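Colleague: I'd like to go through the side-chain contacts in this one. Can you put it on the screen?

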Amino acid sequence: MTDFVTKDTVRTRYWHTLDDGRVQCDLCPRFCKMHKGQRGLCFVRQNLDDQIVMTSYGRSSGFAIDPIEKKPLNHFLPGTPVFSFGTAGCNLACNFCQNWDISKSREMDTLMSKASPDAIAQTALDYGCDSVAYTYNDPVVFHEYAIDTAQACRRLGIKSVAVSAGYVCAEPRVEFYQWMDAANIDLKAFTEHFYHKIAGGHLEPVLETLKYIKHETSVWLELTTLVIPGENDSEAELEAMTQWVVENLGPDVPIHFTAFHPDWKMRDKPPTPLSSLLQARRIALKNGIHYAYVGNVHDKSAESTYCHSCKKLLIGRDWYELSDWNLDASGNCRFCGERCAGVFNTKPGNWGAKRKAVVMG
């Protein structure tokens, strides 16, 4: 049960005291070491009276209903609306952050919206959403709030979706993912140099999270890689990444190659050309990944889902709008009967590309 200090500050579990009197946060592999009053890199976790607290419980940077494909998840309840929210802060320091105004915020005024876990679950139900997504910034940093919300959602039959970079320690990872139903994990690159110099973290903990989710949970998993010109788009790196995915996660984990645009501290790079995304997709398919997509660009053929056995079109996509639907009620290809990996309703949703802001608190 969540232990409150104030209405938006809660005590946390994953920390210990060091010999020099500082307190170390053990939620993620940054292991921030804080003196009294000091905050970690994520900014929302703080040493208060020699214990680590989270200071943003119940507060959000905003609530909205999105298409599930925007997370992006192409094989989890296609066409359905997902109630989405985030808080502020992040436990990585990516120079290229595309949501920096939220994830890098040091202003609590960013978190103007307020809602309890029960209120979020009930609102999602009232709007006809099949799921709630913990997104916009990384749910690792609002671990307690996300879990309480996921528990409230499960009581109402609503599924939970984590959109995360997967940078989390083993013990909190187990607690968190027992309450999730789907996850899109941002595999930012496939070199330690990129993670250390550009993202402010390390690659190996992310790979461990991916293997944990795939092999030790029932969570539906998809991957996203933001392809940045000159940084993580070499043929050799894409070969190594996609081969690792097939060997360690299997061929049925979808991967999304999405386009970078200049932002935050990386404004000297050009936007990702479509040709680079299509090359990444070709490499993934060549290496045995069954479902590879492009994102943040418009290419209907590369956004759509095909049967990996007979190669026929299964789900047509035009941005976030679904067109063709050639799955039977059990999620099998109507042409050859091969199973399409994923979590599907008997019929596709029709939410489309709509985005609806929701005012709460």
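Modeller: Here it is; note that this is a predicted model.

Colleague: Which side chain does Glu208 meet in a salt bridge?

Modeller: Lys211, at 3.2 Å from N to O. Lys211 is partly exposed as well, with a relative accessible area of 26%.

Colleague: How are Lys211 and Glu208 separated in helix 6?

Modeller: They are three residues apart in helix 6 (residues 203–216), so about one helical turn lies between them.

Colleague: How many salt bridges does the count come to?

Modeller: The count is 15. One of them joins Glu175 and Arg13, again 3.2 Å from N to O. Glu175 is in helix 4 (residues 170–177), while Arg13 is in the loop between strand 2 (9–11) and strand 3 (15–17), 162 residues apart.

Colleague: Is Arg13 buried or exposed?

Modeller: Exposed, because its relative accessibility is 54% and the cut-off for exposed is over 50%. Shared partners also put Arg13, Glu171 and Glu175 into one salt-bridge network.

Colleague: Changing topic, how many aromatic pairs are there?

Modeller: The search of the whole structure gives 13. In one of them, Phe190 and Trp244 have ring centres 6.0 Å apart and planes at 55 degrees, so that pair is tilted.

Colleague: Where do Phe190 and Trp244 lie?

Modeller: Phe190 is in the loop between strand 14 (182–186) and helix 5 (192–199), and Trp244 is in helix 7 (residues 235–248), so the pair ties together parts 54 residues apart in sequence. Phe190 is buried at 17% relative accessibility, and Trp244 is buried at 13%.

Key:
Residues are numbered from 1 along each chain as its sequence is written. This is a predicted model: local features need pLDDT of at least 70, side-chain atom pairs count only at pLDDT 80 or more; totals for chains, interfaces and linings use all residues. Side-chain values use heavy atoms; hydrogens and water are left out. Rings of Phe, Tyr and Trp (its six-membered ring) pair if their centres lie within 6.5 Å; planes under 30 degrees apart count as stacked, over 60 as edge-to-face and the rest as tilted. Helices (H or I, at least four residues) and strands (E, at least two) are DSSP runs, numbered from the N terminus. Buried means under 20% relative accessible area, exposed over 50%, partly exposed in between (1.4 Å probe, protein chains only). A salt bridge is a side-chain nitrogen of Lys or Arg within 4 Å of a carboxyl oxygen of Asp or Glu.
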